Amino acid sequence: AMDWTSYHTYDEITEWLDSLATDYPSLCTVEDVGTSYEGRTMKLLKLGTGPATNPGIFIDGGIHAREWISPATVTYIINEFVQNSDTYADILAGVNFYIMPSINPDGYAYTWSNDRLWRKTRSETGTPGCRGADPNRNWGFHWMEAGASSNPCSDIFAGSVEFSEVEMQNVRDQILKYQDTLVAYLTFHSYSQLWMYPWGYTTDLPSDWQELDSLAQDAVSALTGVHGTSYDIGSSTNILYAAAGGSDDWAKGVGNVKYSYTIELRDTGFWGFQLPPEQIIPTGEETFEALKVVANFFLTPR
Ligand code: 0X9
Ligand code: ZN
């Protein structure tokens, strides 16, 4: 059974998603959206009670294999909505969530079986002993222009071509499928406690950055209000580093999703990627408050 007092394997997460669709058919559905390089099934959960024309929020987690708090937080969010659907009836009736908690299944499985700190996918590169591309350097918008490597042995290897990684093709195709309704794209990483918006390929800011900044400020205020956790806000190049080929830049630049955010969850480096499981619930609680602010922002007044 699922819980948020420990981390869970890819298979456990996948089976839990299927069980939700069986147990709460009026709230959510699950769809197979493709297969990973090593053959794992990738799933997307649709959550919401309103029409398909409602504003959509796309959420993913686990793009970097070792960032375990990300799938744990995304599943926490799903569970919170499903278990308290009466409390959140307005949100669920007014926006649709399209959620993929673990979009690098092979890498994630490898962090359980072989190397806890693996980051990339697990595809063959042609260089023996050097597998995988950085899935967050692989997206086809200003690909390879900054902070990415053409060396297959590098942890920031961008891939042989843009969208070389089948897992990112699968996520891209889902964003395109719901593109007409999507108002926000949230991708969860760790760590550093940052709420970032584009661009990641340049120090330039998008023309509408003040709107993205303003919503981020409101979301982070709510987050900090729960346990006092502090976050920095800004464009990813300006507050972290330049890195092209990220999913956030593609969602905004090609997918045309206005409010595109990369959220670096807890902590600021004491535990780093190996955040103790005791912090899953508090991280989930504060992140959920931030997500509610985002969702309420898009609720059609009625
Ligand atoms: O480098 C990354 O992909 C992200 N940081 S992490 O430590 N989780 O690897 C930040 C990505 C920010 N967005 C872009 N650079 N587009
Ligand atoms: Zn990451």
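1. A residue counts as buried here if 20 or more other C-beta atoms lie within 10 Å of its own, as exposed if 12 or fewer do, and as partly exposed in between, with C-beta atoms placed from the backbone. By that rule, buried residues account for 48% of the 302 residues in the protein chain. This is a predicted model, in which local features need pLDDT of at least 70 and side-chain atom pairs count only at pLDDT 80 or more, while totals for chains, interfaces and linings use all residues. Residues are numbered from 1 along each chain as its sequence is written, and chains are lettered from A and ligands numbered from 1 in the order in which they are written.

2. Overall form. The C-alpha trace spans about 55 × 45 × 40 Å along its principal axes. The chain holds nine helices and eight strands (DSSP runs, numbered from the N terminus: helices are H or I of at least four residues, strands E of at least two).

3. Contacts along the chain. Two residues are in contact if their C-beta atoms, placed from the backbone, lie within 7 Å. Of the contacts between residues at least 6 apart in sequence, 76% join residues at least 24 apart.

4. Domain record. UniProt, in an unreviewed entry, places the feature "domain: Peptidase M14" at residues 6-298 (positions are in the numbering used here, feature names are shortened, and annotations may be inferred rather than shown by experiment). The span is 35% helix and 17% strand, and its end C-alpha atoms lie 33 Å apart.

5. Nonpolar cores. A core is a set of buried Ala, Val, Leu, Ile, Met, Phe, Trp, Tyr and Cys residues joined through C-beta atoms within 7 Å. The largest has 69 residues, and I57, I99 and W195 have the most contacts inside it. Helix α2 (residues 69-83) gives the most to this core, with seven residues. Another core, of eight residues, lies apart from it and includes A133, A148, A158 and A244. Leaving aside neighbours within four places in sequence, I57 is in contact with V95, F97, V183, A184, L186, V294 and A295.

6. Ligand 1. Of the 14 residues around this ligand, N136, H189, G200, A243 and G246 come nearest (a residue is near a molecule or strand if its C-beta atom, placed from the backbone, lies within 6 Å of it). The elements giving two or more residues to the shell are α8 (247-253) and β8 (259-265). By class the shell has three nonpolar, seven polar and four charged residues (Ala, Val, Leu, Ile, Met, Phe, Trp, Tyr, Cys and Pro count as nonpolar, Asp, Glu, Lys and Arg as charged, and the others, Gly among them, as polar).

7. The unreviewed UniProt entry places the feature "active site" at E264. E264 is found in strand β8 and is buried, because 22 other C-beta atoms lie within 10 Å. Not counting residues up to four places away in sequence, E264 touches H189, S190, Y191, S192, Q193 and L194.

8. The β5-β6 loop. The peptide bond from S190 to Y191, two of the residues that E264 touches, is cis, with omega near -5 degrees. Y191 is in the loop between β5 (182-190) and β6 (194-197). Q193 is also placed between β5 and β6, and has a positive phi of about 60 degrees although it is not a glycine. With 19 C-beta neighbours inside 10 Å, Q193 counts as partly exposed.

9. Other backbone points to check. The peptide bond from R266 to D267 is cis, with omega near -5 degrees, and D267 lies in the loop between β8 and α9 (280-297). F163 is not a glycine, yet has a positive phi of about 55 degrees. F163 sits in the loop between α4 (105-113) and α5 (166-177) and is partly exposed, with 17 other C-beta atoms within 10 Å.

10. R116. This residue lies in the loop between α4 and α5. R116 is partly exposed, with 13 other C-beta atoms within 10 Å. R116 touches R66, T111 and Q274, not counting residues up to four places away in sequence. The C-alpha atoms of R116 and C28 are separated by 32 Å, the two residues being 88 apart along the chain.
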